[in-house]
Amino acid sequence: DGACVPLTIVLIIGGLMTKGQIEPSLSNFFHTTLRDIFVGTLFAIGIFLISYKGYQRDDGEWFSDDLIATIAGISAFGVALFPNESPTQKIETVFQEALGLSVSPLFHYASALTFFFCLGAFCFVKFPKNAKPFRRKIYLACGWVIVLATIVIAGASYFKIYGENDARDFVIGYYVVFWAEAAGVWAFAISWLTKGKADMAMITAARKVTGKSGNTAPK
């Protein structure tokens, strides 16, 4: 969903303005003064994805667009409602109260991985279906970026929590999780805009401005 990109940009700007730095991960912004923006945007993304219908399931397909988008939307809710580790080790939400500070992050990471898995499914399976070669290459490239980002997120998050001092300091100091998350959501945003033929809309608008005609849209 394209809203993920503005979220990362707002969090970067907000983090620099309020603390002079960004957080080690997108999820860590839950524990800052930018919590409302983080949670509110995730809920908006979740509602949009759950409302998205897409194409019907074809013969031989296991999942419809609607089902994948709904799972992704519910996962976005999970990321927002189940916080990751609290830097202060204080209970901040009703779910932390109910589950405990050590259990809530498990739901958080499961939701995040499911969310990225669904984004990858769109890029690898749904978007390329009946796509022209040029666009198919974009979808697959975005899908591989999401896969790589998910692997980095999972590995870096482990070292961020359980790693030795040097590994933990590297992950936190270089914002490995944050930039991997940003790369994943930006890749999906590119694939989503490609599916919506945003490039053709821009070409059409440019033609109107310049007064030129002719078909130069990507295939």
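1. Asparagine 130 counts as exposed, at 77% relative accessibility. The class follows from the cut-offs: buried is under 20% relative accessible area, exposed is over 50%, and partly exposed lies in between, with a 1.4 Å probe and protein chains only. Asparagine 130 is found in the loop between helix 5 and helix 6. Although asparagine 130 is not a glycine, its phi is positive, about 65°.

2. The model under review is predicted; local features need pLDDT of at least 70, side-chain atom pairs count only at pLDDT 80 or more, and totals for chains, interfaces and linings use all residues. Residues are numbered from 1 along each chain as its sequence is written, and side-chain values use heavy atoms, with hydrogens and water left out.

3. The secondary structure of the protein chain comes to nine helices and zero strands. These elements are DSSP runs numbered from the N terminus, with helices being H or I of at least four residues and strands being E of at least two. Buried residues make up 41% of the 219 residues in the protein chain. The accessible surface comes to about 12000 Å², and 67% of this surface belongs to carbon and sulfur atoms; the areas come from the Shrake-Rupley method with a 1.4 Å probe, and for residues only the protein chains shown count as cover.

4. Contacts are defined by heavy atoms within 4.5 Å. Among contacts in the protein chain between residues at least 6 apart in sequence, 63% join residues at least 24 apart.

5. The largest nonpolar core has 28 residues, of which Phe115, Phe116, Leu119, Phe122, Phe127, Ile146 and Phe188 touch the most other members. At least two residues of this core come from each of helix 2, helix 3 (65–81), helix 5 (104–126), helix 6 (133–162) and helix 8. Helix 5 gives the most to this core, with seven residues. A second, separate core of 14 residues includes Ile12, Phe29, Ala80 and Phe178. In this analysis, a nonpolar core is a set of buried Ala, Val, Leu, Ile, Met, Phe, Trp, Tyr and Cys residues joined through side-chain atoms within 4.5 Å.

6. A search of the whole structure finds 20 aromatic pairs. One of these is formed by phenylalanine 48 and tryptophan 192, which are edge-to-face at 5.6 Å centre to centre, with 65° between the planes. The pair links distant parts of the chain, 144 residues apart: phenylalanine 48 is in helix 2 (residues 35–51) and tryptophan 192 in helix 8 (residues 176–195). Phenylalanine 48 is partly exposed, with a relative accessible area of 35%, whereas tryptophan 192 counts as buried at 16%. Rings of Phe, Tyr and Trp (its six-membered ring) pair if their centres lie within 6.5 Å; planes under 30 degrees apart count as stacked, over 60 as edge-to-face and the rest as tilted.

7. Phenylalanine 178 and tryptophan 179 form another edge-to-face pair, at 5.0 Å centre to centre and 90° between the planes. Phenylalanine 178 is buried, with a relative accessible area of 0%, while tryptophan 179 is partly exposed at 41%. Elsewhere, ring pairs link Phe48, Tyr52, Phe122, Phe127, Tyr139, Phe188 and Trp192 into a cluster.

8. Arginine 35 lies over the face of phenylalanine 30, at 4.5 Å from the ring centre. The criterion for a charge over a ring is NZ of Lys or CZ of Arg within 6 Å of the ring centre and within 35 degrees of the ring normal.

9. Helix 8 has 20 residues and reaches 29 Å from its first C-alpha to its last, close to the 28 Å expected at 1.5 Å a residue; the expected span is 1.5 Å times one less than the number of residues. Tyrosine 175 lies in the loop between helix 7 (165–173) and helix 8, and its phi is positive, near 55°. Helix 8 is followed by lysine 197, whose phi is also positive, near 55°.

10. Serine 111 lies in helix 5 and is buried, with a relative accessible area of 11%. Leaving aside neighbours within four places in sequence, serine 111 is in contact with Ser75, Gly78 and Val79. Tryptophan 186 is found in helix 8 and counts as partly exposed at 31% relative accessibility. With neighbours within four places in sequence again left aside, tryptophan 186 is in contact with Val5, Thr8 and Trp179.
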